[in-house]
Amino acid sequence: MLDYARAISRWSYADLQRQVSMAPSRHGNIPFEFAKAVNPTLVEHQFADAVVRTMRSGRILLLIAGDGIREDVGALAKLINRNAALGFSFGLVEVELYDLGDDGLAIQPRVIARTDVFERNIVIYQADGSVGVEEIGSEDEPERGPSANPGKKAGGQGGSENPKQAEYRRWWQPVLGMSFDDPDQEPLKLYWPNNVRAQLLWPGTWITAYQSTRTCGVFLAGRKRELEEEVLHLLSPQLDQIASELPEGTEIGNVRSSGEMAIKTTRAIGTYKNDDEKREWLNPVLNQYVNVLRPRLKHLVE
């Protein structure tokens, strides 16, 4: 759980927005919408700035809930002291479960008999060389400082298109206009012949959606060296997890002799009733690829 808190402390607001949007399968600034429903006076940019400051300082409530919590004060003190760089609050909740048979399950959270408060201070070195001490749990928070072309685009020089390219653009337009959960993801671009691409942060890599006479699909693509020697090597410990987060039937590895296609998800053309059904399948798959791959590649780049 502390590793989880450390990971969140490195997030941008866009990372939070993407992850929260993935849960209810809604697009937009969902964290702000949820908060504004409780407090209608919130201002969006002020809310986003405050959330980022909170995440950067690790001011997160961490709760362990279980049906058999046994508090070991000495072990907890050592654990918290080893992770003193973050400003998290830490709590234990014991939850009793009662089986009511056909009537369901009764869940009763309760306070453990003995509680202990661990007081910690964080020393903050300011840019001007001054030193401040912040008590964890204080309402006051110091201000923080501000936080390759993959192929030939359809249309050529000056945006002119031949009739075939214009036909492709009309077909792909509903996909080109899709919204990603990740607000920092660049929009899709149409490339010749007959595919759209979402540029990723790692140089020379992108996500491609295509259709052919036999299949329709989405895959991670790029120059062979970047994929085989860098990206796949660096992501190798996570490939099983990546496969589990992508649509069923996704293949990972050297799935084409050229080595250009490392991760792909395809469906046979015969499984679609019409073009609209193809596009309805492509949009969420593209969004899922961005949600799964972009934050991992962002972490590698950083």
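Relative accessible area is used here to class residues as buried (under 20%), exposed (over 50%) or partly exposed (in between), with a 1.4 Å probe and protein chains only. The structure is a predicted model, in which local features need pLDDT of at least 70 and side-chain atom pairs count only at pLDDT 80 or more, whereas totals for chains, interfaces and linings use all residues. Residues are numbered from 1 along each chain as its sequence is written, and side-chain values use heavy atoms, with hydrogens and water left out.

A salt bridge is taken as a side-chain nitrogen of Lys or Arg within 4 Å of a carboxyl oxygen of Asp or Glu, and nine salt bridges are found in the whole structure. One of them joins the side chains of Asp3 and Arg6, with an N to O distance of 2.3 Å. Helices (H or I, at least four residues) and strands (E, at least two) are DSSP runs numbered from the N terminus; Asp3 and Arg6 are three residues apart in helix H1 (residues 2-9), so about one helical turn separates them. Arg6 is partly exposed, with a relative accessible area of 29%, while Asp3, at 55% relative accessibility, is exposed.

Other salt bridges involve buried residues. Lys298 pairs with Asp15, their closest N and O atoms being 2.9 Å apart; Lys298 counts as buried at 15% relative accessibility, and Asp15 likewise counts as buried, at 5%. A further salt bridge, at 3.5 Å from N to O, is made by the side chains of Arg294 and Asp182. This pair links distant parts of the chain, 112 residues apart, with Arg294 in helix H9 (residues 275-301) and Asp182 in the loop between helix H6 (163-176) and strand S6 (189-191).

A polar atom of the Gln185 side chain lies 3.1 Å from the backbone oxygen of Gln199. With contact defined as heavy atoms within 4.5 Å, and with neighbours within four places in sequence left aside, Gln185 is in contact with Phe180, Ala198, Gln199, Leu200, Val290 and Arg294.

In soluble globular proteins, nonpolar side chains tend to be buried together. A nonpolar core is defined as a set of buried Ala, Val, Leu, Ile, Met, Phe, Trp, Tyr and Cys residues joined through side-chain atoms within 4.5 Å. The largest such core has 36 residues, and those with the most contacts inside it are Trp172, Leu188, Ile207 and Leu286. Two or more residues of this core are given by each of several elements, including H6, strand S8 (205-211), strand S9 (215-222) and H9, and the largest share, nine residues, comes from H9. Leu188 touches, among others, Val175, Phe180, Val196 and Leu286, residues up to four places away in sequence not being counted. Apart from this core lies another, of 18 residues, among them Trp11, Phe47, Ile80 and Leu86.

Ile107 lies in strand S3 (residues 105-110) and is exposed, at 55% relative accessibility.

How values were computed. A polar contact is a pair of N or O atoms within 3.5 Å; within protein, one must be able to donate a hydrogen and the other to accept it, and residues adjacent in sequence count only if both atoms are side-chain atoms.
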